[in-house]
Amino acid sequence: MPQPRFDRLSERLLCAGIAPRHVRRYVRELGDHFDDLVLEEQVGGARCELAETRALTRLGNDDNLAEAMLSRATRSLTARFPWAVFGLGPIAMLVLGVVAALGIEVGLLYLISAAADAIGLEPNAATAKWGTLAFTGYNMLAVYAAPLGFAALIYLVGSRQRMPRPWIVTGVSLTCILGGLQNLVFYDTGVRHGGVLVLQSALLSPFPHLTQGAGLFSPFPHVAEGLARAAANLAIAGCFWWLSTRKKSVGRHRAFAHRANIDARTAGT
Amino acid sequence: MTNPSFMNGVPELLILRTLESSEMYGYELVQAIRARTNQTISLGEGVVYSSLHALESEGMLKSRRKLVNGRTRVYYALTRKGEKHLAGLVRHWQHITEAITLAIGGSVHAATAL
């Protein structure tokens with residue numbers, strides 16, 4: 001349940017690097033405690049507004065509550081190691097993502113090949129065409145959608161933990177740019193066991209000796225295309241960022257107006 | 001009593017001692033501590049949660065959600081590790097209490113001798 005009364009406390013704790021789940025729990029328990037105190041004061045004869053004021057006094061002010069939490073809680077990993085989350089995180093996610101996509105694809109190809117052998121289906125131009133089409137669709141999903149998904153995840157982690165904007169921009173940009181420079185290609189030649197599956201990545205380009213003769217891996221050959229995809233990723237991520245910031249600013253404005261209303265009522269008593 | 005320098009370790013001791021008998025949620029715990037200490041020691045009511053969370057992350061307490069009268073409460077209970085830690089804390093505080101009692105008694109005697 002949202003606790004607008006503790007919005008400022010939440011913001012303060014999040015900005016200080018306390019993990020969102022700890023902040024949520026703290027605020028939820030404070031909210032429950034506040035409700036109990038209000039009830040107790042009302043049973044004691046206080047009217048609603050007076051009961052709320054007394055309950056807030058008994059609970060402690062934002063400074064005391066924040067200080068108590070900050071002195072005992074551990075800061076989140078993201079707050080302690082932003083360079084790892086926003087610098088190395090995108091690279092690790094992209095590598096793992098593309099390796100996972102590749103693994104699934106290889107598994108599917110083996111299964112389909114085994115099934116075709118079992119039913120005695122001979123490869124031909126038509127099966128090659130449909131196979132190429134289906135796996136090209138899968139590859140496009142893996143190389144186009146996955147980086148944007150990872151960028152969204154980086155943005156979500158950073159914004160939920162109120163990380164400084166440069167860190168989030170770094171993480172999202174790295175994901176979009178490097179994500180645009182990787183590619184999965186599959187085509188079926190129409191010959192038994194004649195499919196070709198290639199993983200191309202700009203991350204491999206600085207180390208050509210590692211990829212020579214590896215077959216499956218190769219450096220990214222079309223840098224211009226990759227850069228165009230990276231730019232498209234950045235543009236899409238930028239649009240989502242703008243929309244999300246706009247939505248949040250409206251929400252925050254409403255929350256502060258609500259808080260100001262509570263403060264005014266409390267001051268009036 | 002709310003003086004921070006005298007309160008070091010006291011909230012922890014009181015929380016563990018109070019939860020020794022039965023599991024409680026935050027509000028219930030604060031009321032129980034107030035009743036047990038004759039309201040001599042008043043903990044900041046909201047501040048108790050940071051201590052509860054810290055004790056839980058140290059493995060002294062465990063928590064569970066429970067639906068009571070239509071409201072979900074987080075109940076805290078002592079763990080085995082918490083019981084051992086409490087025993088150590090009680091011994092420690094008993095030593096301190098004895099030492100202070102002796103010291104106060106000593107000063108009274110000294111004042112009488114003068």
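A: Start with H22(A), which sits in helix α2 (residues 20-43) of chain A. Helices (H or I, at least four residues) and strands (E, at least two) are DSSP runs, numbered from the N terminus. This is a predicted model, where local features need pLDDT of at least 70, side-chain atom pairs count only at pLDDT 80 or more, and totals for chains, interfaces and linings use all residues. Residues are numbered from 1 along each chain as its sequence is written, while chains are lettered from A and ligands numbered from 1 in the order in which they are written.

Q: Is H22(A) buried, exposed or partly exposed, and why?
A: H22(A) is partly exposed, because 19 other C-beta atoms lie within 10 Å. Buried needs 20 or more other C-beta atoms within 10 Å, exposed means 12 or fewer, and partly exposed is in between, with C-beta atoms placed from the backbone.

Q: What is H22(A) in contact with, leaving aside neighbours within four places in sequence?
A: H22(A) is in contact with A73(A) and H53(B). Contact means that the C-beta atoms, placed from the backbone, lie within 7 Å.

Q: And how far is T245(A) from H22(A)?
A: Their C-alpha atoms are separated by 24 Å, and the two residues are 223 apart along the chain.

Q: What are the ipTM and pTM?
A: The model scores ipTM 0.79 and pTM 0.72.

Q: And what about pLDDT per chain?
A: pLDDT is the predictor's confidence in each residue, from 0 to 100. Chain A averages 82, with 84% of the residues at 70 or above. Chain B averages 82, with 83% of the residues scoring at least 70.

Q: Where in chain B does pLDDT stay under 50?
A: Over residues 108-114 of chain B, for which the model has zero contacts beyond four places in sequence. Where pLDDT is low, the predicted coordinates should not be read in detail.

Q: Which element of chain A has the highest mean pLDDT?
A: Helix α8 (residues 165-180) of chain A, at 92. Helix α9 (residues 208-211) of chain A has the lowest, at 52.

Q: How do α7(A) and α8(A) cross?
A: The axes of helix α7 (residues 125-160) of chain A and α8(A) come within 9 Å and cross at roughly 175°. The two helices are therefore roughly antiparallel, a label for angles over 145 degrees. The axes are lines fitted to C-alpha atoms over the stretch in contact, and angles run from 0 to 180 degrees between N-to-C directions. The residues of this contact divide into 10 nonpolar, six polar and no charged.

Q: Which residues touch the most other members in the largest nonpolar core?
A: L30(A), M69(A), L19(B) and L29(B), out of 39 residues. α2(A) gives the most to this core, with seven. A core here is a set of buried Ala, Val, Leu, Ile, Met, Phe, Trp, Tyr and Cys residues joined through C-beta atoms within 7 Å.

Key
Two residues are in contact if their C-beta atoms, placed from the backbone, lie within 7 Å. Angles under 35 degrees count as roughly parallel, over 145 as roughly antiparallel, 65 to 115 as roughly perpendicular and the rest as oblique. Ala, Val, Leu, Ile, Met, Phe, Trp, Tyr, Cys and Pro count as nonpolar, Asp, Glu, Lys and Arg as charged, and the others, Gly among them, as polar.
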